[in-house]
Amino acid sequence: MTTDTKYRLKFLFQQIDLQLGDFTIGRSPACNLTLEDPLVSREHARIHLTGDTAEIEDLDSRNGVLVNSERLQGRRPLANSDRIRIGGHEMIFIIETNARRSFRTTGAMRHCPSCRTPVAVNVTRCPHCSALIKTDTTVPIHFDRPSAVTRWTADMLIDVVEKAIKKGNFDQAERSLETRVTEYESNQRDADTLGRMSGPMLAIARHRKSTRWLEWMVEAWAESAEVMPMELFGTIADLSKDGHLPTAIDLARRYVNRLRDRNMASQASALETLLNSGDR
């Protein structure tokens, strides 16, 4: 390594510049990165940085540290793009040299005053703890592409939604989902992300007995370049047939008609056959 080597930690929207020495991660406010998470110990892990090496150490945490999905035993070296999971949080370790493209400061972040999680400057409610954010304190951040929202960040936000649903916290799930939908509409209209959002939307619709998210989902798939997966389409129809949402069948028919409007008659016919099947 040379003195021009820089270390960064990519966490949610932010890339945190790491100085040489020790960088501690844990639940304690005294840590360099504080994670308000019951799965995180007060002092959970430490990253050791010198001009030549980068290592991560598990500080005898209760729930351990994963590096590239492998349980960390004691201490190990870190390489560029290593994925670190601590509690319910995932971050990426970055080593940047002169040979790599430098990052530009193109946006701003601030911390949630309640849980201390980094959030975008324009967010008024934390998607993690639901606290209102009133502070104007901002810190510069580095984005590795002009859109501010990477695929990795999108997956992290959807993970928040899925975990909230598993815990039965549907209010938090919907608040986090609203944040993700706004970003999808603004930056990232791809079928993979839409597919990941569709599962939580179905779960919320079934629990709430409301078509709010189904209506958005059907419209989003109708505008997508990809056709809604048949299994997902069948699940919408099932919501009507099992009595949870009698009007869900109308949304399924609406999607079929939208496909026909786009001159996708064969795909529309296949889904309509599934819709009318007595097996469902």
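The paragraphs below go from the whole chain to a sheet and then to ring pairs.

This is a predicted model, in which local features need pLDDT of at least 70 and side-chain atom pairs count only at pLDDT 80 or more, while totals for chains, interfaces and linings use all residues. Residues are numbered from 1 along each chain as its sequence is written, and side-chain values use heavy atoms, with hydrogens and water left out.

The protein has seven helices and 14 strands (DSSP runs numbered from the N terminus: helices are H or I with at least four residues, strands E with at least two). Of its 280 residues, 48% are buried, meaning under 20% relative accessible area with a 1.4 Å probe, protein chains only.

Six strands form an open sheet in the order 2-1-11-10-7-8, with antiparallel pairing; strands pair if DSSP finds at least two bridges between them. Strand 2 (14-18) and strand 8 (70-71) stand at the edges with a single partner strand each, so one side of each has no neighbour in the sheet. Five bridges join strand 1 (residues 6-11) to strand 2 in the antiparallel sense, and Phe11 stands opposite Gln14 in strand 2.

The whole structure holds two aromatic pairs (Phe, Tyr or Trp rings, the six-membered one for Trp, with centres within 6.5 Å; planes under 30 degrees apart are stacked, over 60 edge-to-face, the rest tilted). Tyr7 and Phe93 are stacked, 5.8 Å centre to centre with 25° between the planes. Tyr7 lies in strand 1 and Phe93 in strand 11 (residues 89-96), 86 residues apart. Tyr7 is buried at 3% relative accessibility, as is Phe93 at 0%. The rings of Phe233 and Tyr255 have centres 6.3 Å apart and planes at 45°, so this pair is tilted.

Definitions and conventions. Buried < 20%, exposed > 50% of the residue type's maximum accessible area, 1.4 Å probe, protein only.
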